[in-house]
Amino acid sequence: MKKRKLRKLTALILSLAFVLSLTACGKDEKASVSGKKLNSIFDFFNEKIEPTTGGIDVTTEQHTGDVVVDPSVIDPPSTDPNEYADTENEELNKLFHAYFEEYVTENYMTYHDYIVNGKDFNITPPATVSWGDAGTSNATLEEDKKHIQDWISKFEAIDVKTLTEQQRFDYDYVLESLKAGLISFENINIGSSFSPMRGLQANLPSSFTDFVFRNKADVDAYLQLMNDVPRIIDDCLKIEQEHVDAGYALEDCVIDKIISQCDEFLNVKGSEHFLIGNFDDTIDTLDFLTAAEKTEYKKKDRDAVNNSMLPTYKKIKEFFTGCKGKNKIKGGLVNYQDHGKELYEYVVREYSGSAKTPAELITYLEEKQTKLQMEMAKVYQKDPDGFSYYQQNSKTLFNYLSDMDAQQLVDYLMKNAMGDFPEMDPIKYKALYFSKSMEEIKDSTLAYYLLPALDDPDGNLIRVNGKHKDGMWITLAHEGCPGHMYQTNYYRRTNPDPVRMIGNDLGYMEGWAVYSSYQTLKKCDFNGSQYAETLGELTRIEESLGYLYYGRIDLGVNYEGWTLEDVKGFLRKLGLNENAAEELYVIFVGDPGVYLSYSVGYFEMQDLRDYAEEQLGDKFNAVDYHAVILNAGPCKYDQLKKRVDKYILEQK
């Protein structure tokens with residue numbers, strides 16, 4: 001999902017002064033920045049302030065001269081010591097199927113999202129249309145933990161020497177995911193089903209606005225699920241009360257954000273809620289319903305929204321209003337002395353896909369910051385006129401594309417920006433805009449890609465917020481091609497085991513989407529600009545630094561224990577407006593690790609590309625390399641490196 005993160009967080013504000021100082025190496029004084037301020041990734045980040053001393057010391061030393069070699073170390077390629085079978089182990093295939101079946105039938109919404117026809121997978125749909133079980137409570141802790149351990153035992157009973165190479169890759173992937181999941185049981189009270197970005201109150205509306213109606217039964221299921229919301233939320237609030245009673249209430253600043261989201265949902269303008277308007281608009285397009293049926297379903301939907309959804313959001317608001325002032329532990333996960341730091345290490349692995357520890361990632365990102373600043377300096381030295389043009393026009397570089405609608409721009413990218421990626425048959429998709437009411441509700445969302453069911457390859461959908469038209473090149477490259485939509489369809493066409501399609505390896509997926517969208521900048525002529533190459537490079541660098549700063553603040557808050565004042569100090573050190581600090585603090589306290597998939601995920605993906613190029617030299621081929629990454633499918637980066645190593649050895 002492409003969020004309006006730090007809406008172009010401008011390192012140029014800081015780095016232009018740095019660049020100018022590089023042209024006079026050895027001088028102590030630094031040139032000041034004057035003239036037009038550059039835009040920033042969030043509008044509240046657009047005010048230039050002078051760096052000041054004080055606060056936490058988090059900046060890295062700046063080096064002058066040539067670009068410093070990236071200090072991150074990637075081991076050289078090695079041969080695979082494993083022995084592989086020539087034929088597949090059917091026992092493992094059955095185990096994969098059983099695990100996949102349990103996952104997709106856990107509740108009806110999951111089943112509906114993944115599967116159109118259960119017969120295609122030899123799976124029976126859930127017996128009832130509901131949201132299933134609320135999850136682990138203190139009462140069910142040991143039972144749920146044992147269930148995962150039983151799955152681990154079943155997989156560990158498999159003789160890995162009887163597996164084919166692909167089976168072993170998939171086996172390692174699933175087994176690691178199961179073992180990693182056990183960490184969440186170490187302290188069940190840490191964490192919540194309600195949070196600013198990943199929480200139920202934030203995402204339930206999208207579950208309904210994006211619900212796919214394939215037949216009349218789906219419309220009935222939609223209404224049943226909406227009327228089941230009060231039950232599942234009641235159960236989740238009971239679990240939340242257990243956390244509060246144990247002294248783990250959410251911090252007040254996070255609660256304030258949750259309450260504001262509830263208020264936003266409850267703020268019905270006129271007589272219709274946005275869920276009603278969205279449903280009515282969708283129902284009118286369904287040709288398998290009669291006019292009378294449409295009228296009846298619209299009435300049922302109004303009843304469900306007014307009698308189930310709105311009262312539930314009022315209950316969520318009332319519950320968390322009553323939780324204010326009860327928080328005993330403030331700040332990031334590191335402050336939870338009972339396993340908080342260990343839990344964050346798990347979060348880092350799950351969201352970034354990296355094998356690096358949080359401490360290693362802090363050094364890693366700081367070194368990346370220095371490297372990107374040096375790259376910016378080289379761009380300036382090579383093309384100062386282009387640099388100046390970017391500084392003055394960064395907000396409007398892509399305005400020439402504003403006459404294109406989303407579908408046209410994705411089609412353009414497919415035709416003109418895919419030269420470095422493997423060819424495949426055309427992808428059928430729709431790019432649709434939010435309704436006007438949804439534009440406001442999802443103001444922070446630029447666009448997102450909605451994956452189709454596994455047996456509905458043509459059901460690709462990109463949702464776009466028409467309120468925000470700036471930066472649509474990168475946004476739609478990220479969500480469409482060569483980003484999420486292209487990666488998903490490419491991998492699915494390799495016919496992977498379905499068990500590989502239920503993972504949530506955001507480090508790979510977002511890392512690929514960010515990396516590949518930057519690759520397309522080489523194909524953008526910026527409306528025939530003579531500075532096209534420079535504009536593409538500076539756009540990449542600035543966007544990369546924005547992700548980097550988000551990742552660094554996340555690590556600071558959740559691993560080093562940064563307070564709100566420390567976040568302000570970090571921003572001051574960068575020469576940025578510290579007014580952004582409070583909103584950033586809430587993001588990373590409320591949803592630890594949420595942006596590591598973008599920041600660390602991207603840098604790990606780019607490092608693998610740089611590594612392969614360095615190893616192969618003239619033998620490197622971008623199309624072949626990208627095929628290796630895409631064929632591997634979503635996984636952790638140490639697993640992905642094994643595929644890259646194999647490719648390197650085959651090419652040498």
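**Salt bridges in a predicted model**

Glu-272 counts as partly exposed, at 35% relative accessibility, where partly exposed lies between buried (under 20% relative accessible area) and exposed (over 50%), computed with a 1.4 Å probe on protein chains only. This is a predicted model, in which local features need pLDDT of at least 70 and side-chain atom pairs count only at pLDDT 80 or more, while totals for chains, interfaces and linings use all residues. Residues are numbered from 1 along each chain as its sequence is written, and side-chain values use heavy atoms, with hydrogens and water left out. The structure holds 33 salt bridges, each defined as a side-chain nitrogen of Lys or Arg within 4 Å of a carboxyl oxygen of Asp or Glu.

**Glu-272 and Arg-302**
- The side chains of Glu-272 and Arg-302 form a salt bridge at 2.7 Å, N to O.
- Glu-272 lies in the loop between helix H8 (252–266) and helix H9 (274–283) and Arg-302 in helix H10 (residues 291–321), so the pair ties together parts 30 residues apart in sequence; helices here are DSSP runs (H or I, at least four residues), numbered from the N terminus.
- Arg-302 is partly exposed, at 27% relative accessibility.

**Arg-349 and Asp-638**
- A salt bridge of 3.1 Å, N to O, joins the side chains of Arg-349 and Asp-638.
- This pair links distant parts of the chain, with Arg-349 in helix H11 (residues 340–352) and Asp-638 in helix H24 (residues 637–651), 289 residues apart.
- Arg-349 is buried, with a relative accessible area of 15%, whereas Asp-638 is partly exposed at 34%.

Terms used. Helices (H or I, at least four residues) and strands (E, at least two) are DSSP runs, numbered from the N terminus.
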